[in-house]
Amino acid sequence: MQVNGIVVSSGIAFGQALNVSTQPQPLDLRLLPLSEIESEKYHLRQSIALLIQHLQKSQQRVCPTCENFQLIDADILLLEDEELVDEISQHISQYRVSAPVAVNRTFNEQAQALAQMDDPYLANRSQDIRFLAKRLIAILQGSSQHDLSNLTQATILLADDLTPADFAMLPLDYISGIVLESGGLTSHTAILARAAGIPALLNCPWINQVGTIADNTPLVLDAFEGVLYVKPDPEQVEQLSQKQQQQIAHQQALMAFKDLPCQTIDGRAIILRANVGNLNEISHLMEVGAQGIGLFRTEFLLMNAKAMPDEDQQYKLYCDAIHTLNGQPLTIRTFDVGADKEIPCLKQNNEDNPALGVRGIRYSLLHQNMFITQVKAILRAANTGSVRLMFPMISKLEELQQAFALIEQAKTQLIEQQQKFAEVEYGIVVETPAAALTLDAMLPYLHFVSIGSNDLTQYTLAADRSNTQLAHSYPTLSPAVLKLVAMIIAQCKQAGVKVCLCGEIGGDETVLPLLMGMGLDELSINPNHLLAVKSQVVKGQYSQFVEHAAHINQLNTISAIDEAIKQFSLVNNVKLTH
């Protein structure tokens with residue numbers, strides 16, 4: 001049996017199935033018979049005891065001095081609170097409802113009360129309580145609780161969806177593949193899967209096509225062709241094993257390009273940097289010859305943090321990143337909060353349309369103490385190495401001016417505190433048509449510009465980047481988006497400001513000739529794709545790239561652009577390998 005999906009991170013994966021449900025079963029709101037109330041309360045206590053046992057087991061594998069130990073301890077203490085257990089039991093008796101309903105109502109009341117408190121730590125604790133309720137309800141409903149930290153063999157996760165926070169908790173050493181029923185091509189979960197090098201499919205409706213896949217079922221994931229094989233036969237396993245070996249051999253062959261100058265045959269150079277979200281990714285950049293970091297997604301550092309890191313903690317983290325880079329530049333994007341990124345340690349309001357709400361620089365300007373703290377840590381770290389600082393989701397000059405005013409406040413505070421700091425280069429991520437159309441007014445303030453093609457596509461085409469139904473019909477390689485990219489590049493060239501692209505499209509080696517031919521100075525891409533892209537730079541002719549870009553920029557349909565890229569790739573033997 002096989003199921004088709006959309007490839008978001010390529011590769012071949014072998015493993016056993018593990019279903020991880022992120023959606024709770026619907027609550028049964030029917031009244032309980034009086035005869036069942038006592039047994040329901042007993043079931044509540046048994047389930048609480050089971051969850052406590054599970055948490056204690058997890059806690060034994062965690063260092064007692066680390067934050068996770070304390071967070072697990074807080075959950076255990078809450079579950080052991082007899083007053084809370086009595087309150088849930090009384091709710092069962094008084095309203096004759098099931099234990100899951102009583103838990104949901106009681107925990108939500110506690111979470112809402114905490115969310116209103118002025119203390120940010122206690123306010124953020126409300127999310128922990130809701131998550132704990134979700135786990136307890138799952139046990140009460142009979143759902144199996146998978147302790148992913150106990151995995152000892154290759155596993156392919158099956159889930160309806162994963163948030164970036166869910167992804168951050170995965171034991172990646174044993175996750176060989178990920179298959180999701182939903183999700184978007186440029187969602188942050190897809191980006192994380194690519195960054196981790198884990199083969200992944202999205203929009204793969206296996207339940208509709210082959211039915212439920214039991215845990216431990218043998219699976220093979222072909223994330224080149226977009227196929228999930230369920231109980232593959234020996235011939236399929238052999239074919240896919242050979243395909244996997246061929247891919248490994250290809251990756252090894254790409255290592256020959258690691259130390260070569262990143263320039264075309266006719267001498268045109270381009271800088272290839274990396275997009276990263278944590279220190280672990282940074283430690284591997286020298287293995288692929290990255291010329292530093294073009295996008296450090298600092299908000300990803302907060303995904304599992306239960307309290308906002310203070311200035312000294314952030315300073316140490318940025319210093320660690322700088323030292324790991326051995327003199328190569330570190331481009332730090334200030335916290336890009338909002339949209340599909342739920343961050344437990346920050347208070348975020350529910351919005352009807354978060355992609356158009358308080359995100360990026362808007363969040364920072366509304367939470368100025370947080371922004372100033374991060375800027376101070378970055379300026380201090382810049383005293384130890386090369387740092388560039390850029391702001392996300394700038395859409396008007398006033399936002400940029402406000403950001404620089406707050407930076408001056410940060411510098412004043414550092415001087416008063418007698419803290420050493422250094423100047424940095426400043427840039428913005430151009431992600432909206434508004435930023436592209438008013439860029440000429442912002443360029444005098446900037447040293448560089450980075451084109452965020454994922455969001456620029458979303459906002460230009462009015463197409464949700466996480467909506468799989470729209471992904472193929474409204475791609476980055478569309479006339480409107482390419483015209484904006486060309487406009488941005490031209491304005492930067494005229495002003496003498498360096499211009500980079502940091503979207504996912506930059507990691508596609510079949511698109512490299514177009515992007516380089518349009519005049520980009522830098523690309524910042526997934527480090528797993530860096531050597532494949534570099535190989536096309538080294539083997540290519542810049543003069544041909546310029547002609548190719550000029551031709552594509554005259555085309556008026558997506559299909560014509562796709563065909564032109566396909567034909568250029570065939571003629572010049574450019575193949576997408578991921």
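Author: S15, helix H20 (residues 512-517) and S16 form a β-α-β unit that is right-handed. Right-handed means that, with the strands pointing away from the viewer, the path from the first strand over the helix to the second runs clockwise. Helices (H or I, at least four residues) and strands (E, at least two) are DSSP runs, numbered from the N terminus. This is a predicted model: local features need pLDDT of at least 70, side-chain atom pairs count only at pLDDT 80 or more, and totals for chains, interfaces and linings use all residues. Residues are numbered from 1 along each chain as its sequence is written, and side-chain values use heavy atoms, with hydrogens and water left out.

Reader: Which residue of S16 stands opposite Ala274?

Author: Strands pair if DSSP finds at least two bridges between them. S9 (residues 271-276) and S16 run parallel, joined by 4 bridges. Opposite Ala274 stands Ile525.

Reader: Which residue in S16 stands opposite Leu501?

Author: S15 (residues 498-501) is joined to S16 by 2 bridges, and they run parallel. The residue opposite Leu501 is Leu523.

Reader: Are the faces of S16 buried or exposed?

Author: Buried means under 20% relative accessible area, exposed over 50%, partly exposed in between (1.4 Å probe, protein chains only). On one side of S16 (residues 522-525) lie Glu522 and Ser524, on the other Leu523 and Ile525. All four are buried.

Reader: How many residues of H21 are buried?

Author: Helix H21 (residues 530-539) is mostly covered. Among its buried residues are Leu530, Lys534 and Val538.
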